[in-house]
Amino acid sequence: MGELREMSVTVDPSEIAKFEAMSAEWWDPHGKFKPLHMMNPVRLDYITRQVAGEYGRDLSAPRPFEGLRIVDIGCGGGLLCEPMARLGAEVVGVDAAERNIPVAQLHAEQSGLEIDYRHTTAEALAQAGELFDVVLNMEVVEHVADPLAYLTACRQLLKPGGLHLCSTINRNAKSFAMAIVGAEWVMRWLPKGTHEWSKFITPDELCELMRKAGLDPVDRKGYVFNPVSWSWSISDRDLSVNYVTAAINPEPAA
């Protein structure tokens, strides 16, 4: 971890330690990552529709993302990498938590998928000159030490015209009640202390950060949990707790 910390000013060692402690449970739908397993279908729906729309792909085709290079920053155990690979994309999954990588590699191997998993950071990839058509940045920005520097590195990873998809948690009284009191204290879906409310970012703040990083925000939607049906859905208007954004890396001026 010493070398990794030197790569990036945005890596927060205390945040990495939280997820390393839970690494073995990534693929347990009833374990500590139950909220992500529950949310994953709506996350995938948004991601695949945005990618297909941006690159003119037909999602009914066998491998609609063939020829696209996608990186998932903070990939964890590979919950998003694997479906992207099945859709035909060349997928790189990176995580600053070293213990997540062998978990992801083993599951991909067992699933018959070729995914390039690496213990590294967005900044290190950018410094190496790596470029992608799509950057997935899901539930990470609220855990980094310097969100602007992190988002700038994500933008540097995008080809001109590339797509940046970023989800996080709003900062308000409702998000404290739902994401911390509800998810961590009452339901115990996540260990206490997984999230810090002060690090949550409002949609307007995130859009401003993305603009400062050189990205052009083009869409944002909310993820809404229904406690009656015990399911998630996408909302055009309710961004009060979990939400997702799409942004483009502008083409250089001619």
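Good morning. Because the model is predicted, local features are used at pLDDT of at least 70 and side-chain atom pairs at pLDDT 80 or more, while totals for chains, interfaces and linings use all residues. Residues are numbered from 1 along each chain as its sequence is written, and side-chain values use heavy atoms, with hydrogens and water left out.

I begin with the overall picture. The chain has nine helices and eight strands; these are DSSP runs numbered from the N terminus, with H or I over at least four residues for helices and E over at least two for strands. Of its 254 residues, 54% count as buried. Here buried means under 20% relative accessible area, exposed means over 50%, and partly exposed lies in between, with a 1.4 Å probe and protein chains only. Among contacts in the chain with a separation of 6 or more, 70% join residues 24 or more positions apart, a contact being heavy atoms within 4.5 Å.

I turn next to the interior. In soluble globular proteins, nonpolar side chains tend to be buried together. A nonpolar core is a set of buried Ala, Val, Leu, Ile, Met, Phe, Trp, Tyr and Cys residues joined through side-chain atoms within 4.5 Å. The largest core has 36 residues, of which F65, M84, L136 and L165 touch the most other members. Elements that each supply at least two residues include helix 5 (100–110), strand 4 (132–138) and strand 5 (158–169). Which element gives the largest share of this core? That is helix 3, with eight residues. A second, separate core of 29 residues includes V71, L125, C207 and A247.

Returning to L165, and leaving aside neighbours within four places in sequence, its contacts include Y46, V51, L136, M138 and T245.

Now to a pair of helices. Helix 7 (residues 147–156) and helix 9 (residues 203–212) pack at an angle of about 55°, and their axes are 8 Å apart. The axes are lines fitted to C-alpha atoms over the stretch in contact, with angles from 0 to 180 degrees between N-to-C directions. The two helices are therefore oblique to each other; under 35 degrees would be roughly parallel, over 145 roughly antiparallel and 65 to 115 roughly perpendicular, with the rest oblique. P147, L148 and L151 of helix 7 meet L206, L209, M210 and K212 of helix 9.

L151 of helix 7 is buried, at 0% relative accessibility. Its C-alpha atom is separated by 7.5 Å from that of L209, 58 residues apart along the chain. Outside four places in sequence, the residues in contact with L151 include N137, H164, A213 and L215.

In helix 9 we also find P203, which is buried at a relative accessible area of 9%. Not counting residues up to four places away in sequence, P203 touches N170, R220, L239 and Y243.

Finally, two backbone details. Most residues other than glycine have a negative phi. E139, in the loop between strand 4 and helix 7, has a positive phi of about 55° although it is not a glycine. W230, in the loop between strand 6 and strand 7, also has a positive phi of about 55°. Is each of these residues buried or partly exposed? E139 counts as buried at 16% relative accessibility, whereas W230 is partly exposed at 39%.
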